[in-house]
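Morning, everyone. I will keep this short and go through one model, from the inside out.

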Amino acid sequence: QQQQQHQQLASRQNLPGTPADSLWRWPPRHPSDPGAGPLAIPEYIQDLIRKDSSDIERIYELPSAEVDSLVWQYEHLRQFVIEFNLLLVALGDDCMPETCPKMTASNEWQYLCAAHRKP
């Protein structure tokens, strides 16, 4: 059990069978830390939100001078769109052929909702 938790913290992965109360329980990793990848800034923002979503000042505070403030703002805007999309999906009606209009790119292409059966 402890070895699995250590592996989970080192790899920052939720392994299969992880109990719900143990999901995403690693400490936030600063975007400039060694080993931080190309998604370090959005991961850091998401870690801060998971840790304490009510600490708005900490979430929006630029972590260091090494982080470009425009990238930081962009990633926050991106996170807002992700969260807003989740809210829209939760509030939206079920997608059915009667309620979802057809989306077409031309006379040749039609995009279908994944909830609909194949034509």
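The largest nonpolar core has 7 residues, namely Ile41, Tyr44, Ile45, Leu48, Ile59, Val67 and Trp72. Helix H2, residues 40–51, gives the most to this core, with 4 residues. Keep in mind that this is a predicted model.

Next, the charged pairs. How many salt bridges does a search of the whole structure find? It finds 2.

One joins the side chains of Asp47 and Arg50, at 3.2 Å from N to O. These two are 3 residues apart in helix H2, so about one helical turn separates them. Asp47 has 6% relative accessibility and therefore counts as buried, the cut-off being under 20%. Arg50, at 38%, counts as partly exposed.

The other pair is Arg78 and Glu75, whose side chains meet at 2.9 Å, N to O. Again the spacing is 3 residues, this time in helix H4, so the two are about one helical turn apart. Glu75 is buried at 12% relative accessibility, whereas Arg78 is partly exposed at 33%.

Last, the surface. A nonpolar patch there is formed by Leu77, Phe80, Val81, Phe84, Leu87, Leu88 and Leu91, with about 710 Å² of accessible area together. Take Phe84 from that list: it sits in helix H4, residues 69–91. Its relative accessible area is 40%, so Phe84 is classed as partly exposed.

That is what I have; questions, please.

Key
Residues numbered from 1 in each chain as written. Predicted model: local features only at pLDDT ≥ 70, side-chain atom pairs only at ≥ 80, totals over all residues. Heavy atoms only, no water. Core = buried A, V, L, I, M, F, W, Y, C linked by side-chain atoms within 4.5 Å. Buried < 20%, exposed > 50% of the residue type's maximum accessible area, 1.4 Å probe, protein only. Patch = residues over 30% accessible without salt bridge, like charges linked within 9 Å, V, L, I, M, F, W, Y side chains within 5 Å. Areas by Shrake-Rupley, 256 points an atom, 1.4 Å probe, with all protein chains shown as cover. Salt bridge = Lys/Arg side-chain N within 4 Å of Asp/Glu carboxyl O.
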